[in-house]
Amino acid sequence: MILTNINLKEHNTFGISVNSARFATFTSVDDLTQILAKRDSSKLLVLGGGSNILFTQDFDGLVLKNEIKGFEIIHQDNDLVQVKVGAGEVWHDFVLKCIDLRFAGVENLSLIPGSVGASPMQNIGAYGVEIKDVFIELQAYHIGSGKIRIFSNEECQFGYRESVFKREFKDQYIITSVTYELNMSGRINSSYGAIQQEIEKNGINHPTIKDISDAVIKIRSSKLPNPKEIGNAGSFFKNPIVDKEVLSNIQASFEKVPNYPAADGKVKLAAGWLIEQAGWKGKTIGNHGVHKNQALVLVNYSDALGNEILALSTQIIDDITEKFGVTLEREVNIL
Ligand code: FAD
Ligand code: EPU
């Protein structure tokens, strides 16, 4: 059923109050096909948990809320298991289910808000793991032709917070399921410094995937605002990847600038650090601002407009360019 004039405040974690001209929920590919057969030529937006979107205006089209559920083991041997998961499943529920079943691989990605279907969109990542590390393939509905296409890991062209669906195939496909490969030997990744510290602090010698998940949940809860309490969409900007000369220039004034090796001899800088050094951390402008514990996160304290948050992000980008010669790129999808 296609509803009209629906408020989206509850459908985006920034809690921005905008209206959608039309709104429909789909629970299967058949459902989706039927809804799309009835639509007019206006634009479409596929919505999962709305945790990586900033609405700056009413949406004059059809919002399609993905509710395709399902968790199916499609292959299993002594060590590896492949699971095909409905795109409308809640990501963190899927992670918890894997931990219960002792399927290792996604525990570092605990507590990331949103849906399974959005996980390949920007190749979600946290604490040393990205979705591409466990991704086998996805199934997607081509909006133009109604045909289903399978995309392999390679075909998704994953990069840091990037995939083909944010570039050449933007707005062309609706992801309906994702297949991941997990291991049953309990192999873990505790390379990220903060995880190691948390595990050591708790005196754990042989961490299980549950220990890793608990550590990640604890670290995340200490710095990232809970969207149920304060509107936000996680990191607003990407961490910039720059040439070594840019790092050297910054090091001339700030010896201890955090930096990490990236591909092609480049380095990744911590945008949160740059924004904090520039004096933005914790800054509040009326009903919105920069989070006090994590400068990479812009927040809506009550009824901010998307355009106000967008304007703040532009001010930050301009200031960081001026102070450090680094241009920040937004991670959040602006609509
Ligand atoms: P939405 O916001 O609903 O959609 C995002 C984009 O994907 C939109 O363009 C939408 O049209 C498109 N899309 C969604 N579903 C589909 C589909 N099925 N088919 C086609 N297109 C689709 N991200 C990280 O990578 N790492 C983190 O550590 C992290 N931490 C976060 C912490 C907080 C507190 C918050 C609020 C966000 C965080 N994020 C993080 C960002 C966000 O959780 C992820 O990007 C998540 O994958 C978004 O899922 P979603 O279902 O909410 O997507
Ligand atoms: N830092 C500061 N000040 C701040 C924030 C960070 O100095 O206000 C410094 C930290 O001290 C540390 C460095 O920046 O030296 C990195 O900080 P942190 O480990 O918190 O991670 P991040 O780079 O800020 C990234 C991701 C997060 C992900 C975490 C953990 C991006 C854009 N963000 O944040 O992803 O959860 O690492 O892996 O890559 C998201 O994408 O929405 C998101 C939350």
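A polar side-chain atom of Arg-161 lies 2.9 Å from an oxygen atom of ligand 2 in this predicted model, a polar contact being a pair of N or O atoms within 3.5 Å (within protein, one must be able to donate a hydrogen and the other to accept it, and residues adjacent in sequence count only if both atoms are side-chain atoms). Oxygen atoms of ligand 2 are also approached by polar side-chain atoms of Tyr-160, at 2.7 Å, and of Tyr-192, at 2.9 Å. The protein covers 82% of the 810 Å² of accessible area that ligand 2 has on its own, as computed by the Shrake-Rupley method with a 1.4 Å probe; for residues, only the protein chains shown count as cover. The model is predicted, and local features need pLDDT of at least 70, side-chain atom pairs count only at pLDDT 80 or more, and totals for chains, interfaces and linings use all residues. Residues are numbered from 1 along each chain as its sequence is written, chains are lettered from A and ligands numbered from 1 in the order in which they are written, and side-chain values use heavy atoms, with hydrogens and water left out.

The shell around ligand 2 holds 23 residues, of which Tyr-127, Tyr-160, Glu-276, Ala-295 and Glu-331 come nearest; a residue is included if one of its heavy atoms lies within 4 Å. By class, 11 are nonpolar, five polar and seven charged. Three residues, the largest share, come from α7. Because domain 2 (71–183) and domain 3 (231–334) both contribute to this shell, ligand 2 lies between them; the domain bounds come from an automatic or database domain assignment.

Around ligand 1 there are 33 residues, with Val-46, Ser-51, Ser-115, Gly-125 and Arg-220 nearest. This shell divides into 16 nonpolar, 15 polar and two charged residues. Backbone polar atoms of Gly-48 and Pro-113 each lie 2.8 Å from an oxygen atom of ligand 1, and an N or O atom in the side chain of Gln-122 is 3.0 Å from an oxygen atom of this ligand. Taken alone, ligand 1 exposes 980 Å², of which the protein buries 93%.

The count of disulfides (pairs of cysteine sulfur atoms within 2.5 Å) is zero. The sulfur of Cys-98 has its closest cysteine sulfur in Cys-156, 18 Å away and therefore too far for a bond. Cys-98 counts as buried, at 0% relative accessibility, and Cys-156 is likewise buried at 0%, where buried denotes under 20% relative accessible area, exposed over 50% and partly exposed in between (1.4 Å probe, protein chains only).

Definitions and conventions:
Helices (H or I, at least four residues) and strands (E, at least two) are DSSP runs, numbered from the N terminus. Ala, Val, Leu, Ile, Met, Phe, Trp, Tyr, Cys and Pro count as nonpolar, Asp, Glu, Lys and Arg as charged, and the others, Gly among them, as polar.
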